[in-house]
Amino acid sequence: MAETPVAFMIGTYIVLAVFFIVDLFVLGRRPHVPSTKECVQHIVFFVAMALVFGGLIWWIAGSKPAIEFYSGWLTEYSLSIDNLFVFVIIMSNFAVPKKLQKFVLSVGITIALVLRGVFILIGAALVERFTWVFFLFGAFLIYTAVKVARGEDDDEEFHENALIRVLRKFSRITNDYEGEKLRVTKNGVKYWTPMLFVFLTIGTTDVMFAFDSIPAIFGLTKDPFLVFTSNVFALLGLQQLYFLLGALLDKLVYLPLGLSAVLGFIGVKLILEALHGNTLPFINHGQPITAVPEVPTWLSLAVIVFAIGGAALASVIKMKSVESK
């Protein structure tokens, strides 16, 4: 997005940093269970800010980057909602007290942002130098879409990874949480609290989330600025969404199907782009295949809105049908 002024990008980073710090480290540091009103206010504010930001992009740089931002933001937001299923299971598995869950989410979201930032830098470098990487991204997203559609990504029971199991064997751990502390001393002996393992689990899980989200966003825009801002806006307000949807997450039964459709569509789009800019010698003698159609940006946004919106609407109808019976 070369036409975007540098001053605008710098200003955006500053505003997003303020949003992030206030959301996670000012409001998020206060141990409490947010009310429904508080959750709704936060979510509406950040959604409105994302819509306004897309409008500013449209005004400054044109419709194409704005639609790319909206498409990326909706996709990342939808993936983040799906990831909340896993957060619920982690919190339950480690018996995190309700009043500490907001703090845990703040740390987890911070880790997610840092990891996604690293993956974005790596992804941008790969995309710029090796167009064939889209073949890998596309194949991975289609594979993921099939897994999600089959329900293979559903985590009905949380399983600790190898790192956590090893640490449990060789570390002294308290049975109870000590507020936000990771380390405590009892009778002259130092112990880790369960909070350490919650953070490690959230962090390692975030790595897996990044593997899904970053290829997906690069399938919609190659601009690192739009990729990063889409991810930040998708993460802002996520902790409030966790508490608001907590009891409803298991009722969004068709959300995985909607996500599967989006990931599959983006995967096909990436492979088509890779073929259109092909340089691999064993495909068409290393020449681009110009006959391959290019997927317009507006179509990507339409598919995402239809798939996610349709899945959410179908889930609500299903939920009301079950309740009425």
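These legends accompany close-up views of a predicted model. Local features need pLDDT of at least 70, side-chain atom pairs count only at pLDDT 80 or more, and totals for chains, interfaces and linings use all residues. Residues are numbered from 1 along each chain as its sequence is written, and side-chain values use heavy atoms, with hydrogens and water left out.

**View 1. S71 in helix α3.** S71 sits in helix α3, residues 63–93 (helices are DSSP runs of H or I, at least four residues, numbered from the N terminus). S71 is buried, at 1% relative accessible area (buried means under 20%, exposed over 50%, partly exposed in between, with a 1.4 Å probe and protein chains only). Beyond its neighbours within four places in sequence, S71 is in contact with L220, T297, S300, L301 and I304 (contact means heavy atoms within 4.5 Å).

**View 2. The salt bridge of E76 and R116.** The closest N and O atoms of this pair are 3.3 Å apart (a salt bridge is a side-chain nitrogen of Lys or Arg within 4 Å of a carboxyl oxygen of Asp or Glu). E76 lies in helix α3 and R116 in helix α4, so the pair ties together parts that are 40 residues apart in sequence. E76 is buried, at 0%. R116 is buried too, at 4%.

**View 3. The salt bridge of K186 and E178.** Here the closest N and O atoms are 3.4 Å apart. K186 is partly exposed, at 37%. E178 is partly exposed, at 28%.

**View 4. E273 and K269 in helix α10.** Both residues lie in helix α10, 4 residues apart, about one turn of the helix. E273 is partly exposed, at 23%, whereas K269 is buried, at 6%. A network of salt bridges links K222, K269 and E273.

Conventions: Helix = DSSP H or I, 4+ residues; strand = E, 2+ residues; numbered from the N terminus.
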